[in-house]
Amino acid sequence: MSAEEQIKDTVTRNDVVLFMKGTKSMPQCGFSSRVAGVLNFMGVDYTDVNVLADESVRQGIKDYSDWPTIPQLYVKGEFVGGCDIITEMTLSGELDQLFEKEGVAYDKDAAEKIREANA
């Protein structure tokens, strides 16, 4: 299976996928850590893909999304964004709305606590 096929299979088989440097329990860069931290704190069930483990996936995800940076978050097969976009969406409540629209379970109180802490 090519990197592109592997990526497509992963994003279509899982509701929420984070392509990141490291893993959800041990991120290897600050940007990946921030997005994983938001998802972990909000209790989102997601699949993490460590791009550092496979160079073809690391480059392949950038080609697949036509987005130059990692991390990259996908919800229900659709590319949502990287660290800055996810941070903005979390603080504005847009990420909550996306999760609700797509039927992704998350902790609403935790999402509110993130916003309160950053107000």
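The side chains of arginine 115 and aspartate 96 meet in a salt bridge, with 2.8 Å from N to O; a salt bridge here is a side-chain nitrogen of Lys or Arg within 4 Å of a carboxyl oxygen of Asp or Glu. Arginine 115 lies in helix α6 and aspartate 96 in helix α5, so the pair ties together parts that are 19 residues apart in sequence. Helices are DSSP runs (H or I) of at least four residues, and strands (E) of at least two, numbered from the N terminus. The model is predicted: local features need pLDDT of at least 70 and side-chain atom pairs 80 or more, while totals for chains, interfaces and linings use all residues. Residues are numbered from 1 along each chain, and side-chain values use heavy atoms, without hydrogens or water.

- Buried means under 20% relative accessible area, exposed over 50%, and partly exposed in between (1.4 Å probe, protein chains only).
- Arginine 115 is buried at 15%, as is aspartate 96 at 7%, whereas glutamate 112 is partly exposed at 37%.

**Helix α1**
- Aspartate 9 and arginine 13 form a salt bridge (2.9 Å, N to O).
- Both residues lie in helix α1, four residues apart, about one turn of the helix.
- Aspartate 9 is partly exposed at 27% relative accessibility, and arginine 13 is exposed at 57%.

**Overall count**
- The salt-bridge rule gives a count of five.
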